[in-house]
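This report looks at charged side-chain pairs.

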Amino acid sequence: MQNSLFANVQELPRDPILGLTEAFVADKNPARVNLGVGVYQDENGRVPLLACVKQAEEALLAKAAPHSYAPIDGLPAFNSTVAKMVFADSADLAHVATVQALGGTGALKLGAELLRVASPGAKVWISDPSWENHRALFAAAGFTVETYPYYGADGELDFAGLIATLSAIPAGDVVLLHACCHNPTGLDLTQDQWRRIARIVRERGLTPFLDTAYMGFAEGLDADAFSVRLFAADGGPLFVSFSFSKSLSLYGERVGALSVVTANAAERARVLSQIKRIARITYSSPASHGAAAAALVLADPDLRKQWDHELGAMRVRIKLMRALLAEKLAERLPGRDFSYITRQNGMFSYSRLTAPQAIALREKYSVYALDSGRICVAALNNANIDQVAECVAKVMTEI
């Protein structure tokens with residue numbers, strides 16, 4: 001009998017985040033809490049449908065337009081409105097190639113494959129730690145992936161280590177940076193720190209790639225675009241991946257974009273042709289509904305104003321949950337300083353839970369956090385925060 005084609009195919013370990021969600025779903029404890037998944041939830045524990053998105057979708061449905069293929073590089077209205085929002089007046093948009101992508105992950109993938117064409121001998125440098133998929137994406141594109149220091153032994157930003165490493169990276173290598181709301185630590189750079197990084201990156205001839213998945217969740221859309229516009233202002237080269245999953249709560253629609261800042265219009269045309277080829281052989285063309293809704297929200301003044309309000313409300317709620325968690329942990333563990341939680345930004349917090357503590361938190365109390373100690377602050381609400389604080393305090397005391 002012929003051996004099966006897949007007899008020697010190995011089963012890979014579960015994704016650390018999605019695997020955690022699978023374990024959470026299988027848990028029979030009715031009081032279980034999932035702090036692992038990177039999704040914003042409202043006070044009722046639900047992923048919200050933003051009112052601005054609902055109105056945009058209703059307007060689209062009223063047109064009763066046919067569901068034709070989108071262009072390979074996506075909807076023109078989406079690409080133009082995203083570029084204007086992200087770059088404002090920091091770059092000549094005639095020199096920027098912006099394409100619709102399948103979420104932020106798809107934008108990173110397009111960028112990785114383009115870099116493989118443009119600079120195949122480069123190494124890619126990511127923060128230590130970083131979002132788990134960063135390493136996998138660039139390694140799958142054929143790059144050697146290295147790390148630069150970010151999270152220090154004291155639980156704070158290791159800026160000195162970051163600068164020392166950046167200053168020694170060979171010219172031509174790629175540096176992946178989190179534009180804001182660093183995932184997984186929540187530790188962000190100040191504007192002065194960004195200026196110093198940008199100066200080193202340009203002086204050494206490195207290629208910056210800014211992952212912008214949480215724009216609007218730290219201080220606001222314009223404030224959170226500071227790093228992107230800083231790099232764009234000197235004319236590039238610059239790669240920017242962007243996602244609307246969190247900011248417009250369009251997770252399932254996979255609405256993202258890749259922008260590449262080039263030297264001139266002719267270079268832009270060549271770069272765009274390469275990106276379109278990559279998209280064509282990968283998925284042919286992107287979906288249109290979510291991108292059309294996002295474009296309408298960005299272009300319509302009333303919907304844009306409403307989005308700013310709703311995004312601001314999400315940002316404020318996350319900050320409130322940070323403050324409450326730090327307060328409730330301090331009440332249960334007097335003498336310990338939890339102010340680091342409030343100094344972090346965005347949806348995630350490095351809680352300083354050790355791996356054994358995170359495992360015990362899951363196994364004993366059905367509160368799910370990553371082994372790294374990363375928790376999603378946006379999954380906290382007034383109904384579960386006391387339970388979470390109590391369980392975290394217990395494992396911090398017991399283990």
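A salt bridge here is a side-chain nitrogen of Lys or Arg within 4 Å of a carboxyl oxygen of Asp or Glu. The model is predicted. By this rule it holds 17 salt bridges. Three of them are set out below.

| Pair | Closest N and O atoms |
|---|---|
| Arg-343 and Glu-156 | 2.4 Å |
| Glu-156 and Arg-352 | 3.1 Å |
| Glu-43 and Arg-317 | 3.4 Å |

**Glu-156 and its partners**

Glu-156 pairs with Arg-343, the closest N and O atoms being 2.4 Å apart. Arg-343 sits in helix 13 (residues 340-343), and Glu-156 in the loop between strand 4 (144-149) and helix 6 (159-166).

Arg-352 lies in the loop between strand 9 (348-350) and helix 14 (355-365), so the pair ties together parts that are 196 residues apart in sequence.

How exposed are these residues? Glu-156 is partly exposed, at 22% relative accessibility. Arg-352 is partly exposed at 31%, and Arg-343 is partly exposed at 44%.

**Glu-43 and Arg-317**

Glu-43 and Arg-317 form a salt bridge at 3.4 Å. Glu-43 is in the loop between strand 1 (33-34) and helix 2 (51-63), and Arg-317 is in helix 12 (residues 301-332), so the bridge ties together parts 274 residues apart in sequence. Arg-317 is buried, at 11% relative accessibility. Glu-43 is partly exposed, at 30%.

Terms used: Residues numbered from 1 in each chain as written. Predicted model: local features only at pLDDT ≥ 70, side-chain atom pairs only at ≥ 80, totals over all residues. Heavy atoms only, no water. Helix = DSSP H or I, 4+ residues; strand = E, 2+ residues; numbered from the N terminus. Buried < 20%, exposed > 50% of the residue type's maximum accessible area, 1.4 Å probe, protein only.
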